[in-house]
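Hi,

Here is the structure I promised to pass on. My notes on what turned up in it follow below.

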Amino acid sequence: MDDPQDLINQGNQCFNRGEYQRAIAFYQEAVTRARENGDTGNELVALSWLPVAWGNIPDGEKEIEAATHLLARARELGNKNYETQAALRLAEALRGLDLRGRWRELKPLLLEGLETARQLGDHWWEVYHLKTLGGCAVRMGEEEQGLAWLQEALNAIRPGMEKEHYFRYEVNRSLSRLMRQRGDYAEAVRYAEMAVDEARQHGNPNFVANAQLTLGRAERARGELAEALRLVEEVLPQARQMGWKGNEQVAEYLRGELLREMGHPDQAESAARRALELARELKFKEEEVECLLSLGQVLLALKRREEAQEILQQARRLSQERDYADHFSKAEELLAQE
């Protein structure tokens, strides 16, 4: 059981089942064993899996710590490939915590990684960088550029390549978001359904749940609230049981929004509060503000004016500090309803 390669394989099996904490324990053990044996190859492999596993829970601080450790070790060993990987993992961690606040510094980092992947002739990492750049650009409202990168990623995915279905799932999720932003809700649903299908073929249940939440968002945008709620309520117990806090946070947020929109603010309150609690625990900056706005609206619907005002003032203050003009004006508009 002490063979680093065996430990990595066991970690990967847990990872593919969405059992991230167990996977982390195997990877950490593999790092220790590989170092004892002077096996730098397996040491780097195990180190490279740690930020990925932390990122899927997600725990942004642990992800940054693991990526920084990988970067230091790759530099020590003069391994350019793993240095590039570490830089990408750092970028992913920062994206998760605060994409809007960090995009100016993340974009050049990711473009540099894309260039390095192309210079090394590493097709797999090229696709990875393209789908990441495309997804971020769409979220930042750089829609034309985002679409171009996502198209490029799709064209570069070769049938039978490693994690082919994972890549298609990621790209289709981003395309669904793009269509939602553009108001083309039928297309948003179509891309989300494709993302669910690709995630199922890839097999990791965490990714399937994630794709279902993307579909839930698209169905909500299309006005199919009951269907959106069904999808969300299917994901929630699984996310709680498996410790997928990111998915739990999104699901609770959507559940609160949907129940309020369906005229059940009394049922929406606990979901909205749990979503906010998770956003804060995970240190998600924009999601925290979105959750405050969501909870504020629930409290307004419940005619609890003073509580609503307090929550919406928090949303307004944080929006101003973090430079979220859209959320700031939403908070202003809701406060004016007093």
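The second largest pocket is lined by Leu71, Arg75, Lys80, Glu83, Thr84, Ala87, Leu109, Glu112, Gly113 and Thr116. A pocket here is an open set of points on a 1 Å grid over the protein atoms alone, where a 1.4 Å probe fits, with protein on both sides within 12 Å along at least five of seven lines; lining residues have an atom within 4 Å of a point. Helix H4 (60-76) and helix H5 (80-119) each give two or more residues to this lining, and H5 has the largest share, eight residues. The volume is about 190 Å³, taken as the space filled by probe spheres set on the points.

This is a predicted model, so local features need pLDDT of at least 70 and side-chain atom pairs pLDDT 80 or more, while totals for chains, interfaces and linings use all residues. Numbering runs from 1 along each chain as its sequence is written, and side-chain values use heavy atoms, without hydrogens or water.

Helix H13 (residues 265-281) has 17 residues and should span 24 Å at 1.5 Å a residue, which agrees with its end C-alpha atoms being 24 Å apart. Its buried residues include Pro265, Ala268 and Leu276. Just after H13, Lys283 takes a positive phi of about 60 degrees.

Best wishes

How values were computed:
Helix = DSSP H or I, 4+ residues; strand = E, 2+ residues; numbered from the N terminus. Expected span 1.5 Å × (residues − 1). Buried < 20%, exposed > 50% of the residue type's maximum accessible area, 1.4 Å probe, protein only.
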